[in-house]
Amino acid sequence: KLDPDQIVSVEELAPQSEDGTVVLTTVYKLFAQYFDLFGKPTREFLKKLFPYAQDIQEKVAIAEMTLDRKTEDFQDRQARAATFADYLTEFKSLKIPAGKYVELIPTIKQRVYSICSSSDYRPGKCQLLVVREDWQA
């Protein structure tokens, strides 16, 4: 079990322009503000995940999803929009050190636009709202 107040240092989260800088943050903030927990995992994620399963049946189940013969099962999970969080909560025996999550889960990507449109309200059309933000911190 992870301690949400544990301080972790994560070099991968530092701004690229500041080489050699390390970000210090809590485990809680790492999961709440940095990791894309609700993103779509790849089979590569599962290959990195299975060694952390303590239960042999779970380890085998995760590892099998990376095999070509289980492609259909993995694609079914993808179609049902399985997330990183889904896999982390499904396999209860996972014991992942706090510092290793950065190797498993990508960070949230900056979104510079949003499209919000209703096909029910305007069939066959996509509406775009552009907001120019011009502010300083």
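This is a predicted model: local features need pLDDT of at least 70, side-chain atom pairs count only at pLDDT 80 or more; totals for chains, interfaces and linings use all residues.

Visitor: Let's start with Phe84: is it buried or exposed?
Guide: Phe84 counts as buried, at 4% relative accessibility. Buried means under 20% relative accessible area, exposed means over 50%, and partly exposed is in between, with a 1.4 Å probe and protein chains only.

Visitor: Good. How many aromatic pairs are there?
Guide: The count is four aromatic pairs. Rings of Phe, Tyr and Trp (its six-membered ring) pair if their centres lie within 6.5 Å; planes under 30 degrees apart count as stacked, over 60 as edge-to-face, and the rest as tilted. One of the pairs is Phe31 with Phe35, edge-to-face at 5.2 Å centre to centre, with 80° between the planes. Phe45 and Phe84 also pair edge-to-face, with 4.8 Å between centres and 90° between the planes.

Visitor: Where do Phe45 and Phe84 sit in the chain?
Guide: Phe45 is in helix 2 (residues 43-49) and Phe84 in helix 5 (residues 84-90), so this pair links distant parts of the chain, 39 residues apart. Helices here are DSSP runs of H or I with at least four residues, strands are runs of E with at least two, and both are numbered from the N terminus. Phe45 is buried too, with a relative accessible area of 3%.

Visitor: And Phe31 and Phe35, buried or exposed?
Guide: Phe31 is buried at 19% relative accessible area, and Phe35 is buried at 2%. Together with Tyr101 they form one aromatic cluster.

Visitor: What about the nonpolar core, which residues have the most contacts inside it?
Guide: Inside the largest nonpolar core, which has 28 residues, those are Phe45, Leu49, Tyr87, Leu88, Leu94 and Ile105. A nonpolar core is a set of buried Ala, Val, Leu, Ile, Met, Phe, Trp, Tyr and Cys residues joined through side-chain atoms within 4.5 Å.

Visitor: Which element supplies the largest share of this core?
Guide: Helix 5 does, with four residues.

Visitor: What does Leu49 touch?
Guide: Setting aside neighbours within four places in sequence, Leu49 is in contact (heavy atoms within 4.5 Å) with Ile62, Tyr87, Leu88, Leu94, Ile96 and Leu104.

Visitor: Zooming out, how many helices and strands are there?
Guide: The chain has six helices and two strands, and the elements run β-β-α-α-α-α-α-α from the N terminus on. Of its 137 residues, 31% count as buried.

Visitor: Switching to charges, how many salt bridges are there?
Guide: The whole structure has seven salt bridges, each being a side-chain nitrogen of Lys or Arg within 4 Å of a carboxyl oxygen of Asp or Glu. One of them joins Asp68 to Arg43, with the closest N and O atoms 3.9 Å apart. Asp68 lies in the loop between helix 3 (56-64) and helix 4 (71-79) and Arg43 in helix 2, so this pair ties together parts 25 residues apart in sequence. Asp68 counts as exposed, at 69% relative accessibility.

Visitor: How far apart are Glu44 and Lys47 in helix 2?
Guide: They are separated by about one helical turn, because they are three residues apart in that helix. Their side chains meet in a salt bridge at 3.7 Å, N to O. Glu44 is partly exposed at 43%, and Lys47 is partly exposed at 41%.

Visitor: Last topic: which residues form a nonpolar patch on the surface?
Guide: Ile7, Val22 and Leu24 do, with about 300 Å² of accessible area together. Accessible areas come from the Shrake-Rupley method with a 1.4 Å probe, and for residues only the protein chains shown count as cover. Patches are made of residues with over 30% relative accessible area and no salt bridge; like charges are joined within 9 Å, and nonpolar side chains (Val, Leu, Ile, Met, Phe, Trp, Tyr) within 5 Å.

Visitor: Where is Leu24, and what does it touch?
Guide: Leu24 lies in strand 2 and touches Ile7, Val8 and Ser9, not counting residues up to four places away in sequence. Leu24 counts as exposed, at 63% relative accessibility.

Terms used:
Residues are numbered from 1 along each chain as its sequence is written. Side-chain values use heavy atoms; hydrogens and water are left out.
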